[in-house]
Number of protein chains: 2
Amino acid sequence: MAKDFYGDLRLGILGGGQLGRMLIQEAINFNVNIHVLDPDPNAPCKRLCNQFECGALNDYDTVYNFGKDLDMITIEIEKVNVDALEALEAEGVLVYPQARVIRLIQDKGLQKQFFKQNDIPTSAFQFISSKENLASTQVALPYIQKLRKDGYDGKGVKRINTVADFEHAFEEPSIIEELVDFEKEIAVIVARNDRGDISTFPMVEMEFNPQANLVEFLIAPSTFSDEIQAKAETIAKKIANDLQIVGLLAVEMFLTKDGEILVNELAPRPHNSGHQTIEGNYTSQFAQHLRAIFNLPLGNTDTRANAIMINLLGEEGYEGLAEYEGIEEALAIEGVYVHLYGKKYTKPFRKMGHVCIIHSDRATAIDNARKIQQLIKVKA
Amino acid sequence: MAKDFYGDLRLGILGGGQLGRMLIQEAINFNVNIHVLDPDPNAPCKRLCNQFECGALNDYDTVYNFGKDLDMITIEIEKVNVDALEALEAEGVLVYPQARVIRLIQDKGLQKQFFKQNDIPTSAFQFISSKENLASTQVALPYIQKLRKDGYDGKGVKRINTVADFEHAFEEPSIIEELVDFEKEIAVIVARNDRGDISTFPMVEMEFNPQANLVEFLIAPSTFSDEIQAKAETIAKKIANDLQIVGLLAVEMFLTKDGEILVNELAPRPHNSGHQTIEGNYTSQFAQHLRAIFNLPLGNTDTRANAIMINLLGEEGYEGLAEYEGIEEALAIEGVYVHLYGKKYTKPFRKMGHVCIIHSDRATAIDNARKIQQLIKVKA
């Protein structure tokens, strides 16, 4: 950074959702001028920035014009026009994460190739260009089909169990991946600044609910062995270094039943698996992302307490102006932090907020998290 | 609160300075719509709220018109038009702290009378209406003269040592107070919600620098005896209860050399002596103020770590567009949190930001704080 500190810095954020919102909450401490681009006229960041522009993130001209008078651009979503970001980089705008990193991560196929080329452990896979190819793959059934592009929050992913599923498969370019019989889904968030400092947050575990067949909550720190945690953190650091990324990188991984770690996917930005760092760690993922892109010394990522993060999702069967139930009761429980995202409208499974629960005793934290899942409902 | 949660709530803040700014950082989690009134067109809150209005806080019409369509009003400075707030209260706008509390606290004379009437320990005092009265007071020289109204950050306070100082004394209505030979300046922040729940933050100590003759930093938690801490917290709770305040109340006190506690002054809002709660305590003073005015259960105020707060003041000899030195070096030290207030212009001693330093070891925290005082400079 040329400037000693940031009163004049114009920082653009591509995307004005909850990640941008929490990034702004932290960026306020750094005095920067925030510009936000988002297609939603009611985006959560709209009223919290120096300038809000409503426009398409995947349109070249929109992104280019948004960025051309800014000093630095970051993202809170990968689905942005990378050609425009490359043009801006060529003109001297700092783009963190770099356009080439976003381009690679936008395509799950390129991600997989990158893992292979760099000896990063990942599940066996194969590219297919259309569902016709499914009949002649080398990966054995059952397997997972993932669209190479534009998948999000479980969308763009299908499980193919038998030949009978072929006709319902995606038609678009995709990858098929060997099914991993995992013990636990885990994640490590790593930060790297331009001078090459690298730092990881402690590994977190996703707690799976077998009845509902989905991730119920996220818990940190992990209780797996130091060896497993160190291995996951080493992999995350290696990826950050191989990519030479500037900014935050979330690395989602599978821990297999025989103690192997396989990298699943990357996100080059603050991530849902790091929300608990706001209250649970000495430095939050949002503060760390800012330290990284501003080329400042990275903060201490140590854990301050057992922390659990649960997403507040729009309740099934409700769509419209959001209403929140049970928050008062939840706040009566000690160590409960509610973060609402300022979204006007709810729909089923929309991420409307999250709650962080901290406690010195891990079992109590889990009990409290389960209580809160019963208490808080987002309806319309 | 009538509403279960706050998507539609219009909250007005009188004052758009750093206290409002940090309150907004927290209010973002509660989803409320924030309206801010401040006379400074470059106020720190300007770009962080749903609506910013530039206008005089002491003007009846300005405050009344600002508030008449809001659901709730709070303050970040006491110097506001209380008549307008009373009119708004009469029309059903929730004003927290209540207009009568602000009226009382605006006048240091009424504060002193209130202490006397409610058996709250405070130094001996006497009212005077002009400096002519100084010749015939009952309080013995040397003493402190304080303007009853509009004093702020040490302004409006004079020490009168001898008869020779009479001619330089304030002419306006004031109080004279017996000089307290104190061991330490201390403060307790207390919160009370409308259902009558009361909760204090642990007592903090102001660390005095005898060379510079000013408060150097604030340190929490205190190392004075449990008995002294309990006494200070009991006094703060009694005042909150006697006032029936809704919101936060900062109680500044003197601990005398013989272990007595005397109340100095009150501030009915978040306060400089509570900034370290953001990183140092389970609930920050800003989150607690919002819980109190929204009539939610109050949060856990326990300490998470030794925390020191230092103000970043505009350097002497510099006035103009603010520039910050040494922040990068400061952030290289572990447990350092920089909060800049987004003020465009600096002048000598203007509060431009603060730094919180946390550490598990108190002596290390103090060492680090001293280092940071040397490192960070706000110039122009």
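In this predicted model, the side chain of Thr283(B) has a polar atom that lies 2.7 Å from the backbone oxygen of Asn300(B). Thr283(B) sits in the loop between helix 7 (277-280) and helix 8 (285-293) of chain B, and with a relative accessibility of 6% it counts as buried. Among the residues that Thr283(B) touches, leaving out those up to four places away in sequence, is Tyr337(A) of the other chain, and the points below take up that meeting of chains along with other local features.

**Surroundings of Thr283(B)**

- Besides Tyr337(A), the residues touched by Thr283(B) belong to chain B and are Phe201(B), Thr277(B), Gln288(B), Arg291(B), Gly299(B) and Asn300(B), again not counting residues up to four places away in sequence.
- The C-alpha atom of Thr283(B) is separated by 49 Å from that of Val163(B), a residue 120 places away along the chain.

**The contact between chain B and chain A**

- Chain B and chain A each bring 40 residues to the contact, and together they bury about 3600 Å², of which 48% is on carbon and sulfur atoms.
- Ile28(B), Asn29(B) and Arg304(B) supply 17% of the area that chain B buries against chain A, which is more than any other three residues supply.
- The interface holds 2 salt bridges, and one of the pairs that form a salt bridge is Arg195(B) with Glu328(A), whose closest N and O atoms are 2.9 Å apart.
- On the side of chain B that touches chain A, the elements giving two or more residues are helix 1 (18-27), strand 18 (323-325), helix 9 (327-331) and strand 19 (336-340) of chain B, and strand 19 of chain B gives the most, with 5 residues.
- Sorted by class, that side of chain B is made up of 19 nonpolar, 10 polar and 11 charged residues.

- Helix 1 of chain B is largely enclosed by the rest of the structure, because 9 of its 10 residues are buried.
- The buried residues in helix 1 of chain B are Gln18(B), Leu19(B), Gly20(B), Arg21(B), Met22(B), Leu23(B), Ile24(B), Gln25(B) and Ala27(B).
- Helix 1 of chain A (residues 18-27) is mostly covered, with 9 of its 10 residues buried, including Gln18(A), Arg21(A), Gln25(A) and Ala27(A).

- An unreviewed UniProt entry lists Lys108(A), Lys146(A), Glu177(A), Glu178(A), Leu179(A), Val180(A), Glu185(A), Asn264(A) and Glu265(A) under "binding site".
- Glu185(A) is placed in strand 10 (residues 182-192) of chain A, and its relative accessible area of 19% falls under the 20% limit, so Glu185(A) counts as buried.
- Setting aside neighbours within four places in sequence, Glu185(A) is in contact with Val204(A), Glu205(A), Met206(A), Phe208(A), Val215(A), Met253(A) and Phe254(A).
- Asn264(A), found in strand 15 (residues 261-267) of chain A, is buried as well, at 13% relative accessibility.
- The residues in contact with Asn264(A), apart from neighbours within four places in sequence, include Lys146(A) and Glu177(A), together with Gln111(A), Phe115(A), Glu252(A), Met253(A) and Phe254(A).
- With Lys146(A), the contact of Asn264(A) includes a polar one between the two side chains, at 2.9 Å.

**Backbone features in loops**

- Tyr96(A) and Pro97(A) are joined by a cis peptide bond with omega of about 0°, and Pro97(A) has its place in the loop between strand 5 (94-95) and helix 4 (99-106) of chain A.
- In chain B, a cis peptide bond with omega of about -5° joins Ala220(B) and Pro221(B), the latter lying in the loop between strand 13 (214-220) and helix 6 (226-243).
- Phe349(A), a residue other than glycine, has a positive phi near 70°; Phe349(A) lies in the loop between strand 20 (345-346) and strand 21 (351-359) of chain A and is partly exposed, at 49% relative accessibility.
- Asn295(B), in the loop between helix 8 and strand 16 (306-313) of chain B, has a positive phi near 55°, and at 17% relative accessibility Asn295(B) counts as buried.

Key
Residues are numbered from 1 along each chain as its sequence is written. Chains are lettered from A and ligands numbered from 1 in the order in which they are written. This is a predicted model: local features need pLDDT of at least 70, side-chain atom pairs count only at pLDDT 80 or more; totals for chains, interfaces and linings use all residues. Side-chain values use heavy atoms; hydrogens and water are left out. Contact means heavy atoms within 4.5 Å. Buried area is the accessible area (1.4 Å probe) that two parts lose on being put together, summed over both. A salt bridge is a side-chain nitrogen of Lys or Arg within 4 Å of a carboxyl oxygen of Asp or Glu. Helices (H or I, at least four residues) and strands (E, at least two) are DSSP runs, numbered from the N terminus. Ala, Val, Leu, Ile, Met, Phe, Trp, Tyr, Cys and Pro count as nonpolar, Asp, Glu, Lys and Arg as charged, and the others, Gly among them, as polar. UniProt positions are given in the numbering used here, feature names are shortened, and annotations may be inferred rather than shown by experiment. Buried means under 20% relative accessible area, exposed over 50%, partly exposed in between (1.4 Å probe, protein chains only). A polar contact is a pair of N or O atoms within 3.5 Å; within protein, one must be able to donate a hydrogen and the other to accept it, and residues adjacent in sequence count only if both atoms are side-chain atoms.
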